Amino acid sequence: MKSTINILLLCFLSFVSTNNYAQIILKGDMNGDGEINGSDITTLAADILADKQENISLLSIAMRIGDNIQLACFMTTEDENVIWTSSDESIATVSPSGQVHAIALGSCMIVCTAADNSWQSICPVSVISDRSGTIDGHNYVDLGLPSGTLWADTNVGADSPEEYGNYYAWGETATKSSYSWTTYKYYGGAVLLRKYCTDSNYGNVDNLRVLEADDDAACVNWSTAWCMPDKAQLEELMDTTYTETEWTTLNGVKGCKVISKANGNSIFLPAAGTRDDSSLYNAGKGGYYWTRNLNIDKPGAAYYRYFYGEDENATTDNGRYAGRSVRAVRAKGS
């Protein structure tokens, strides 16, 4: 959805003369009258001057492709003409009145210059893609992760973030009443593992190490726009460099909330437990989420991410037959 950002942002003042005070701002409801208008600029200016601020910390504007924002430039002298320019019009353009339009991914500088060149103020702008939304009936969330991975906001088989959803054995795409080696799709008979095998001691070697689309519960049950995450994506999701995790409750359901440090967006992973045989274990205590990666050194096992309360959160591997949760990601190129 296209939007106009109505929040205050103070940007770096690159030069202040002894007679003029120039500052780029985003127009916002600064005087509390419920409207965004020119008087808000005056209110903000009075606050700045009252504090006698001469240096403002650098902040940047983050926009999505297609967004428009209205900038303004306050001066202590009235009726001073200014010129708005963009350092890269292929990324974002700016109108003579200070309206910025985001065009393509990247970064640029929006510059406000006095007509007589007596001062100049610069505002950094970063343009990101429209990376939160819905595809094929399922919502995805941009957590600002370095890989660009977009995470679904519900488990496969769930209609809301707190619902447990379905449980799948690794490489299976349908639920069942019992999860064991004897009921596992790719196990049985003289050949122990009939697919996804890297060691002849376990079965017929095919050297398949990552789930194919036909065996991917997210792809099959949702659409080809989705897939199960790989090991690196789940580890990135839980990497404290990029996110914070919080053991919490959503609508009465316990789970792990993952909060982006980059943009504040979040997803909730319910503590849905795990299924073994016909029993459900650790529901409300722990979450167990499959990756699409086989343990190539022990092909009877596949990797998953688990958390148990607020104390444990790690990647491990175990038997492929077990019923675990699936949290989908947007497939590359979708």
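Q: Is Trp 181 buried, exposed or partly exposed, and what is its relative accessible area?
A: Trp 181 has a relative accessible area of 27%, so this residue is partly exposed. Buried means under 20% relative accessible area, exposed over 50%, and partly exposed in between (1.4 Å probe, protein chains only).

Q: What sort of model and numbering are these values based on?
A: The model is predicted: local features need pLDDT of at least 70, side-chain atom pairs count only at pLDDT 80 or more, and totals for chains, interfaces and linings use all residues. Residues are numbered from 1 along each chain as its sequence is written, and side-chain values use heavy atoms, with hydrogens and water left out.

Q: How many aromatic pairs are there in the whole structure?
A: The search finds 14 aromatic pairs. Rings of Phe, Tyr and Trp (its six-membered ring) pair if their centres lie within 6.5 Å; planes under 30 degrees apart count as stacked, over 60 as edge-to-face and the rest as tilted. Trp 181 and Tyr 184 form an edge-to-face pair, because their planes are at 85 degrees, with ring centres 5.7 Å apart.

Q: And Tyr 184: buried or exposed?
A: Tyr 184 is buried, with a relative accessible area of 2%. The rings of Tyr 184 and Tyr 186 are also edge-to-face, with centres 6.3 Å apart and planes at 80 degrees. Tyr 186 is buried at 11%.

Q: Which residues do ring pairs link into a cluster?
A: The cluster consists of Trp 170, Trp 181, Tyr 184, Tyr 186, Tyr 187, Tyr 196 and Tyr 321.

Q: Changing topic, where does Asp 215 lie?
A: Asp 215 is in the loop between β13 (191-193) and α2 (217-221). Helices (H or I, at least four residues) and strands (E, at least two) are DSSP runs, numbered from the N terminus. Asp 215 counts as buried, because its relative accessibility is 2%.

Q: What does its side chain make a polar contact with?
A: The side chain of Asp 215 makes a polar contact with that of Tyr 196, at 2.5 Å. A polar contact is a pair of N or O atoms within 3.5 Å; within protein, one must be able to donate a hydrogen and the other to accept it, and residues adjacent in sequence count only if both atoms are side-chain atoms.

Q: How many disulfides does the search find?
A: The search of the whole structure finds zero disulfides, a disulfide being a pair of cysteine sulfur atoms within 2.5 Å. Cys 112 is buried, at 0% relative accessibility, and Cys 197 is buried at 0%.
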